[in-house]
Amino acid sequence: MKLRKQIVALVGIIAFSLIFFTPGCKTPPAPSEVEQARLQEQALWGAGGSVFAPEEFQKYESSLAEARRALEREELKIGPFRNYGQVRENFRQVIKQGEQVESLIKSRKASLLLEIESSRESLYAKYEVLNNLSLQLNQRGYARPHLAQADILFKEVDRLLAGLRYEEARGRLEEISSLLKQAENILREQLKRYMDQGQIRQWRQMAERAIEKSKISGQTVIVISKLERTLTVYKAGQQIKTYQVGLGFNGLNDKLHAGDDATPEGEYKIIKKIGASKYGKGLLIDYPNEEDIKKFNEAKKKGYITSSTRIGGLIEIHGGGKDGLTRGCVALDDKEMDELFKLIPIGTPVTIVGTTDPNNKIIEILKPV
Amino acid sequence: MKNLMKISVLGFLVVFLFTSCAKQPTQQIDEAKAAIDAVVKAGGDIYAKDELKKLNDDYNAAMDEVNAQSKKLFKKYGKAKEMLAKVKADADSVAQLIPARKEEAKNNAIAAYDEAKAAFEAAKAILDKAPKGKGTKADIEAMKSDLAGLEAQLAEVQAAIDREDYFGARDKAVSIKEKANAISEQVNAAIEKVRGR
């Protein structure tokens, strides 16, 4: 009997202790704001909070952690003494803070997108200018591999932007910027003579001299302007015909030696008329002239070209098409070549210059920053 | 009365033994952490980004539970252990998903590279058919230079595959393919122009 009483008392005390000291079924549920904050935190993380608003997101995380600690402290209390009022308020504040972070993320994303898009737009405008210039130059495009790479990267940028991968898109834009700079530098180096006013003045004087000679003697002369891709016929100082022409693969360069695919610059004359060739009719000029030989010998002496390099020759004005690239000759469409052939006698002076325009398109596009 | 006192002390002792002497589940914590680390090491931040975030959240929640219990007079780590065991099991499952996802991304990148290379080779072959040397159309010459740019970018795709940047490699390869196809079309148009002259 005594033992039974003792057992009952022991069970009673254990039951009382468990109920009194441990939180059990009486625990009131945590405020709904706790779960709401958890979901919000996940959403903010997913939206890139740590990337777009790192400082604010960090502060939000700290506030959330603090609110959770307060919740834990409250949960340590015995059920009947718990009061979630303050905890709820804390979580509401956190949620409010989260809403601010969310709107900050949205606005920063929007402004980053704007910045990227505007950078893309301005780089693309530059790409188009350089691309068009390199196409218009109608010669071997040393800058084009860089431009083609930039074009591929533009496609990547668009794909990355569509996938909201802004940072990667920004990285690609940096690569594009560098490629465009390289392309621009190549073009600038290739075309620097066309931006040099002293050189342009010299070319202009050569062209004016030819026209003046035509005026005085009544003779027919030809003036070829490489940048504008024009061949103009003057008679008695009057312009009587202008044709569009094609030049060498490196036509904008001044010819120095055989195989450089450049079109020579200087004062020449027609020395032979060729009635039929692979490229239709042809007018052979007297390249190399004295000036060319002097330049060639100097270059050889200075070691710019090897001793076995030859000066070349057989530079003609011929048919075959103005949109073709030659090894240094000047090409016209066959029909126009036929017409020119009739107009030009042997001995006609031919002046080939880079350009006579002091405000030419290259200066306009590549003007020094 | 004396017996009642003894019984009371014994009772409290029993409660104390059952509630207060629970140890922190350090082994489960370490295992859960190691399992998450394995996910990260396997490339979880690339191939299982969302799953990794959930694992970290669940781990933090489990640790919150551990911390909450550690402050209590009568500690009960049962729930925390369950949570940690779930984190470990989930992490193991995620880790198993990654190789297949990585393999899929790799295969996609390689397939995209092959397609880009094929498009590049096709453009090159068409260009080889175009008129050569003196009289070559300037636009064909320009496209030859463009192909040189494409070739450089193709090498970048291979480099991206080699450094396991499969998504980046795929994106670039797709762009190269588009450009190569555009060049092929332009070359064909240019050749037609020559034939029509």
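## Touching residues around Gly44(B)

Two residues are in contact if their C-beta atoms, placed from the backbone, lie within 7 Å. Leaving aside residues up to four places away in sequence, Gly44(B) touches Val39(B), Glu51(B), Leu52(B), Val94(B) and Ile98(B). Gly44(B) sits in helix H3 (residues 44-47) of chain B. Helices here are DSSP runs of H or I with at least four residues, strands are runs of E with at least two, and both are numbered from the N terminus.

Is Gly44(B) buried or exposed? Gly44(B) counts as buried because it has 25 C-beta neighbours inside 10 Å. The cut-offs go like this: a residue is buried if 20 or more other C-beta atoms lie within 10 Å of its own, exposed if 12 or fewer, and partly exposed in between, with C-beta atoms placed from the backbone. Now look for Ile140(B): it is 96 residues from Gly44(B) in sequence and 47 Å from it in space, C-alpha to C-alpha.

## How to read the model

Residues are numbered from 1 along each chain as its sequence is written, while chains are lettered from A and ligands numbered from 1 in the order in which they are written. Since this is a predicted model, local features need pLDDT of at least 70 and side-chain atom pairs count only at pLDDT 80 or more, but totals for chains, interfaces and linings use all residues.

And pLDDT itself? That's the predictor's confidence in each residue, from 0 to 100. Chain B averages a pLDDT of 84, and 82% of its residues score at least 70. The model scores ipTM 0.70 and pTM 0.71.

Chain B has seven helices and one strand. Of the 197 residues in chain B, 34% count as buried. Take the contacts in chain B between residues at least 6 apart in sequence: 75% of them join residues at least 24 apart.

Chain B splits into domain 1 (18-101) and domain 2 (102-196), with bounds that come from an automatic or database domain assignment. Where they meet, six residues of domain 1 of chain B are in contact with four residues of domain 2 of chain B. Which helix gives the most to the domain 1 side? That is helix H5 (residues 78-129) of chain B, with four residues. By class, the domain 1 side has four nonpolar, one polar and one charged residues. Here Ala, Val, Leu, Ile, Met, Phe, Trp, Tyr, Cys and Pro count as nonpolar, Asp, Glu, Lys and Arg as charged, and the others, Gly among them, as polar.

Over in chain A, the assignment gives domain 1 (27-109), domain 2 (112-193) and domain 3 (219-356). The C-alpha centres of domain 1 and domain 3 of chain A lie 80 Å apart.

Eight strands of chain A form an open sheet with mixed pairing, in the order E3-E2-E1-E9-E4-E5-E6-E8. Strand E3 (238-244) and strand E8 (330-331) of chain A stand at the edges with a single partner strand each, so one side of each has no neighbour in the sheet. Helix H8 (residues 197-217) of chain A packs on the sheet, touching strands E1 (220-225), E2 (230-235), E4 and E9, and its direction makes about 160 degrees with that of E9(A). Axes are lines fitted to C-alpha atoms, for helices over the stretch in contact, and angles run from 0 to 180 degrees between N-to-C directions.

## Following the strands

Two strands pair if DSSP finds at least two bridges between them. E1(A) and E2(A) run antiparallel and are joined by six bridges; the partner of Ile222(A) in E2(A) is Val233(A). Their hairpin has four residues between the strands, and Arg229(A) there takes a positive phi near 55 degrees. E2(A) and E3(A) also pair in the antiparallel sense over six bridges, with Tyr234(A) opposite Gln239(A) in E3(A). Two residues lie between the strands of this E2(A)-E3(A) hairpin, where Ala236(A) in the turn has a positive phi of about 50 degrees.

Next, find strand E4 (residues 266-274) of chain A, which pairs with strand E9 (residues 349-353) of chain A in the antiparallel sense over four bridges. Gly266(A) has Ile352(A) as its bridge partner in E9(A), and Lys269(A) stands opposite Pro349(A). E4(A) also pairs with strand E5 (residues 282-285) of chain A, antiparallel over four bridges, and there Lys273(A) is partnered by Leu283(A).
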